[in-house]
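Biologist: I'd like a close look at one part of this model. Could you take me through it slowly?
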Amino acid sequence: MSSVLMVGVDGSNCGGRAVEYAAEHAGKSGARLYVAYVIEWSPFSFSTVQENMERHKRREEELKRAYSEIIDPIVSRLKSEGLDVVGLVRHGDVAETLQILAKENDVTNIIVGRQGTSKLKAHVFGSVGSHLVQGAECAVTVVP
Amino acid sequence: MTKLRVGLTTLVSMLASFSALAQEPGIDEKINLAVKPFADAVAGAVFSSFPVAGVQIPFVLVWLIIAATIFTFYFNFINLRAFKHGFQLVRGDYHDPKSAGEVTHFQALATALSGTVGLGNIAGVAVAVSLGGPGATFWMILAGFLGMSSKFTECTLGVKYRRELPDGTVSGGPMYYLTRGLAEKGANFARLGKVLAVLFAIFCVGGSFGGGNMFQANQSFAQLVNVTGGDAGWLADKGWLFGLIIATLVGLVIMGGIRGIARVTSKIVPFMAVIYVIAGLAIILMNFSAVPAAFLAIFNGAFSPEGISGGVIGVLFQGFKRAAFSNEAGVGSAAIAHSAVKTNRPVTEGFVALYEPFVDTIVVCTITALVIIITGTWDPSVDPSAGVQLTSKAFETTFTWFPYVLTVAVLLFAFSTMISWSYYGLKAWTFLFGENKLTDLSYKVLFLFFVVVGSSMQLGAVIDFSDAMIFAMAFPNLLGCYFLLPVVKRELNEYWADYKAGRLVKAGAL
């Protein structure tokens with residue numbers, strides 16, 4: 001099985017380092033690289049009638065913005081470096097959604113940046129890295 | 001920002017003139033007298049009743065119950081059959097990961113529920129148990145059970161015939177299934193559909209000003225007065241001030257576009273509902289030894305009541321009436337809220353909608369009724385307008401601080417119901433008068449005006465009228481539903497066959 005990489009980005013510095021790390025490895029092995037961004041969203045949140053009626057429209061806008069502001073710049077830069085890169089955007093819980101996307105695209109290695117959250121914060125909110133390490137069905141690399 | 005400030009100033013000055021109007025001595029009396037003949041005529045027509053065993057039964061109630069019963073049998077007890085599957089849908093078992101970010105079944109249900117759970121569950125039940133005795137609870141539960149089938153029907157149709165606008169927003173509800181659904185059946189039906197849709201929209205606008213607005217403002221102010229010193233308190237004659245504040249808040253949401261307020265409310269309301277249920281369950285558990293006797297009283301009272309005017313029919317009437325007030329099954333309002341869900345199988349939202357009367361009437365109303373029966377606070381001489389205070393008293397017997405919590409809950413429930421109904425009403429209004437800035441603004445101004453009117457005046461006639469409007473919605477809505485039953489059945493059978501054969505894709509099964 002050839003290797004397929006996926007890097008999770010969140011627009012921050014750590015995410016940026018993860019992208020560089022992933023790009024380097026993809027460049028060496030010639031593996032396809034997915035650049036994934038997850039828009040925080042829960043299927044169990046509460047909303048007003050009007051928000052619901054406009055939800056589809058908002059979702060399209062959110063996806064468009066995520067591509068144009070976060071994913072597309074990274075993808076076009078890496079493509080110009082000659083890599084096989086595909087951008088992905090999906091709504092949901094970050095760790096869970098990265099796993100779903102990895103499974104859908106036969107990813108062999110998920111790469112994410114470290115969050116550097118304190119122990120307490122990680123306890124309360126959980127951290128994407130540790131959730132992924134424990135839950136993913138493929139290798140997970142956490143880039144410091 | 002300046003635009004917002006200008007908007008706010010206009011809003012406040014406009015509302016101030018409303019309240020000045022409302023305060024003028026005798027003006028409420030004048031309005032009352034002016035609208036009374038009209039209001040009485042409408043209320044009289046909608047609530048026109050016939051005597052059964054000495055009790056006056058309004059025709060609209062019979063209309064609602066008969067439809068709910070027919071739908072229950074026509075769909076072969078869908079309210080039991082699809083109960084489990086409805087839960088799986090709400091839980092997201094069949095959620096397509098690719099449509100993440102769209103409105104889920106859970107969200108559609110939660111939103112619809114926050115529009116219906118409210119004063120009906122708190123005030124209405126107290127009135128039903130007081131006037132009909134404990135036995136009314138039994139009939140209330142039965143009415144909730146049958147009402148599940150009405151919701152199933154109207155919400156399936158709401159999704160099936162919703163309109164997806166070019167800009168990506170969705171519009172749905174009885175106006176759309178009455179016109180588009182009946183139009184599929186031929187030219188004569190298309191004409192009938194149009195008439196029914198227009199009637200529905202007119203009643204819906206009326207209901208949004210009345211039961212969805214004035215009634216809410218009026219009752220929440222009454223509870224606020226109740227906990228701040230009663231009639232002798234400082235607030236007692238400050239209804240206009242209360243109305244002004246609420247109208248400003250509502251105005252900020254619906255005119256100022258300040259979504260934050262609505263968003264915060266939509267998050268606190270479920271939380272308040274949970275507190276209410278937990279407090280109710282706590283009282284029931286603390287008086288656990290009294291529970292068997294309470295259930296016995298409910299069953300005995302349902303079939304052989306003592307000292308209730310009209311006997312069994314009288315009790316049945318009270319239970320059915322308050323259940324219908326509370327869950328709005330058959331009225332068509334919920335079909336608007338449910339139509340926003342993302343699904344290509346309309347019937348799935350019907351299954352989910354079964355949970356609305358279940359939670360609203362069977363769970364929440366039963367808890368309220370049990371608390372009132374166990375604590376022995378029901379009082380046959382209660383004034384039907386003092387329902388909230390009665391429930392408040394029942395909870396107070398165990399938790400002395402509860403009236404304050406209840407006041408906050410009532411205010412929030414009322415507020416979220418107003419926001420929901422302002423949307424329903426606006427949709428009906430623009431259906432009638434077209435969609436443009438002027439019609440939009442005129443509706444919203446009227447809506448805010450009625451918030452102030454509702455909280456500052458004792459307009460018995462207007463309140464009667466608005467109740468009548470909400471119930472009147474059931475005439476065009478259910479009539480249309482009868483004609484569209486085969487459509488729902490076809491959707492149901494196709495889906496059910498797929499479900500039973502395991503052809504539906506489960507979430508997580510990639």
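How are helix 3 of chain B and helix 8 of chain B oriented to each other: roughly parallel or roughly perpendicular?

Modeller: A word on the ground rules: this is a predicted model, where local features need pLDDT of at least 70, side-chain atom pairs count only at pLDDT 80 or more, and totals for chains, interfaces and linings use all residues. Residues are numbered from 1 along each chain as its sequence is written, while chains are lettered from A and ligands numbered from 1 in the order in which they are written.

Now your pair. Helix 3 (residues 59-74) and helix 8 (residues 136-160) of chain B have axes that come within 8 Å and cross at roughly 75°. Helices here are DSSP runs of H or I, at least four residues, numbered from the N terminus. The axes are lines fitted to C-alpha atoms over the stretch in contact, with angles from 0 to 180 degrees between N-to-C directions. The two helices are therefore roughly perpendicular to each other, a label for 65 to 115 degrees.

Who does the touching? Helix 3 of chain B brings B:Ile65, B:Ala67, B:Ala68, B:Thr69, B:Phe71 and B:Thr72. From helix 8 of chain B come B:Ala143, B:Leu146, B:Gly147, B:Ser149, B:Ser150 and B:Thr153. Contact means C-beta atoms, placed from the backbone, within 7 Å. By class, this contact has six nonpolar, six polar and no charged residues. Ala, Val, Leu, Ile, Met, Phe, Trp, Tyr, Cys and Pro count as nonpolar, Asp, Glu, Lys and Arg as charged, and the others, Gly among them, as polar.

Chain B also meets chain A: 29 residues of chain B are in contact with 25 residues of chain A. Helix 6 of chain B gives the largest share of chain B's side, six residues.

Technical notes
Two residues are in contact if their C-beta atoms, placed from the backbone, lie within 7 Å. Angles under 35 degrees count as roughly parallel, over 145 as roughly antiparallel, 65 to 115 as roughly perpendicular and the rest as oblique.
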